[in-house]
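Here is a guided look at one protein model.

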Amino acid sequence: MLNAPLISVVSPVYKAEKLVEPLVARTKAALELITNNYEIILVDDCGPDNSWKEIKKQAQLDDRIKGIKLSRNFGQHYAITAGLDFSKGHWVVVMDCDLQDQPEEISKLYFKAKEGFDIVLARRHDRKDNFLKKLFSKLFYNSLGYLTGSKQDSTIANFGLYSRNVINAICTLRESIRYFPTMVKWVGFNSTAIDVEHAERTEGSSSYNFKRLINLALDIILAYSDKPLRITIKAGILISFLSFLAALLMLIRAIKGNIEVMGY
């Protein structure tokens, strides 16, 4: 693409009106250590606060800040998709808006990618989340890994740097159920992961509670794996076989006269 920015940063925004300004300021400072040819794409996922107002304010101050407002709350991974479709950079960073993914780590990802990788994932080696969130996350990824037959790492989420070829391939996937990490695994390419510093949440709380994690896991598993169907079929065959054996046993007992209750 002619005159395309070197780096695009895509961040889905939900209930983060107090975080938009520091997110933009810190991301700009981090990117300018690499290049001044960049764009920051903030996708408002139609939260109940004034995040869109803050996004528009930042976009008016710097034309490298782009805002996209979804028509309703679609969810994090649909917001990421909207940002990817709009992005033009040779490299694309995907990161959450809560600043637990620290913009200062972008340069680590970029210089690692320059070694010859299309995908550099950020591994949160010391997650600053509470015990319950880490537990639910671990259960979610373990279940997802087993039922989809793929290796899952609970320390890796959306944060990472992706080449234009990777993003173009992901943008061709138009499934109605979206889950960005699974799509990254699906398209392949040369990838690696490096440790990054993970920060504590300073504002708000995660939109992913236990119920939403379960629903997300079910959506992903049913969309990307036939293992639940196979397990159901095998369980049905096993139950049918055991029922046949039980019926055969009852028939033999009836023939031998060992059943005293008539009609049993």
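The report below starts with the overall picture and then moves to the sheet, the helices and the charged pairs.

## The big picture

Keep in mind from the start that this is a predicted model. The protein has 264 residues, and 43% of them count as buried. Its secondary structure comes to 9 helices and 7 strands.

How much of the contact in this protein is made by residues 24 or more positions apart? If you take the contacts with a separation of 6 or more, such residues account for 80% of them.

An open sheet holds 7 strands in the order 3-2-1-4-6-5-7, and the pairing is mixed. Strand 3 (65–69) and strand 7 (191–196) are the edge strands, each pairing on one side only. On average, neighbouring strands of this sheet are turned by 20 degrees against each other, with direction ignored.

Now find two of the pairs. Strand 1 and strand 2 pair in the parallel sense over 7 bridges, and Val-10 stands opposite Ile-41 in strand 2.

## A closer look at strand 1

Is strand 1 mostly covered or mostly open? It is mostly covered, with 7 of its 7 residues buried.

In a regular strand the side chains alternate between the two faces of the sheet. You can follow this along strand 1: Ile-7, Val-9, Ser-11 and Val-13 point one way, while Ser-8, Val-10 and Pro-12 point the other way. Both groups are buried.

## How the helices sit

Helix 1 (residues 20–31) lies across strand 1 (7–13), strand 2 (38–44) and strand 3. Against strand 2, helix 1 runs at about 160 degrees.

Next, look at a pair of helices. Two packed helices are described by the angle between their axes and the distance between the axes. For helix 3 (residues 76–86) and helix 7 (residues 180–187), the angle is about 55 degrees and the axes are 9 Å apart. That angle makes helix 3 oblique to helix 7. Helix 3 brings His-77, Ile-80, Thr-81 and Leu-84 to the contact, and helix 7 brings Phe-180, Pro-181 and Met-183. Sorted by class, the contact has 5 nonpolar residues, 2 polar ones and no charged ones.

## Charged pairs

Side chains of opposite charge can pair when their charged atoms come close. The count here comes to 10 salt bridges. One of them joins the side chains of Arg-26 and Glu-104, at 2.9 Å from N to O. Arg-26 lies in helix 1 and Glu-104 in the loop between strand 4 (91–94) and helix 4 (106–113), so this pair ties together parts that are 78 residues apart in sequence. Arg-26 is partly exposed, at 27% relative accessibility, and Glu-104 is partly exposed too, at 39%.

Lys-112 and Glu-115 also form a salt bridge, with their closest N and O atoms 3.2 Å apart. Lys-112 counts as partly exposed at 24% relative accessibility, whereas Glu-115 is exposed at 56%. There is a network as well: salt bridges link Lys-28, Glu-32, Asp-62 and Arg-64.

## Asp-44, a buried charge

Where does Asp-44 lie? You'll find Asp-44 in strand 2. Its relative accessible area is 2%, so Asp-44 counts as buried, a label for anything under 20%.

Which residue does Asp-44 meet in a salt bridge? The partner is Lys-69, with 3.2 Å between N and O. Asp-44 is in strand 2 and Lys-69 in strand 3, so the pair ties together parts that are 25 residues apart in sequence. Leaving out residues up to four places away in sequence, Asp-44 touches Val-13, Ser-51, Trp-52, Ile-55, Ile-68, Lys-69 and Leu-70.

Key. Residues numbered from 1 in each chain as written. Predicted model: local features only at pLDDT ≥ 70, side-chain atom pairs only at ≥ 80, totals over all residues. Heavy atoms only, no water. Pairing = 2+ DSSP bridges. Helix = DSSP H or I, 4+ residues; strand = E, 2+ residues; numbered from the N terminus. Axes fitted to C-alpha atoms, helices over the stretch in contact; angles between N-to-C directions. Contact = heavy atoms within 4.5 Å. Parallel < 35°, antiparallel > 145°, perpendicular 65-115°, else oblique. Nonpolar A, V, L, I, M, F, W, Y, C, P; charged D, E, K, R; others polar. Salt bridge = Lys/Arg side-chain N within 4 Å of Asp/Glu carboxyl O. Buried < 20%, exposed > 50% of the residue type's maximum accessible area, 1.4 Å probe, protein only.
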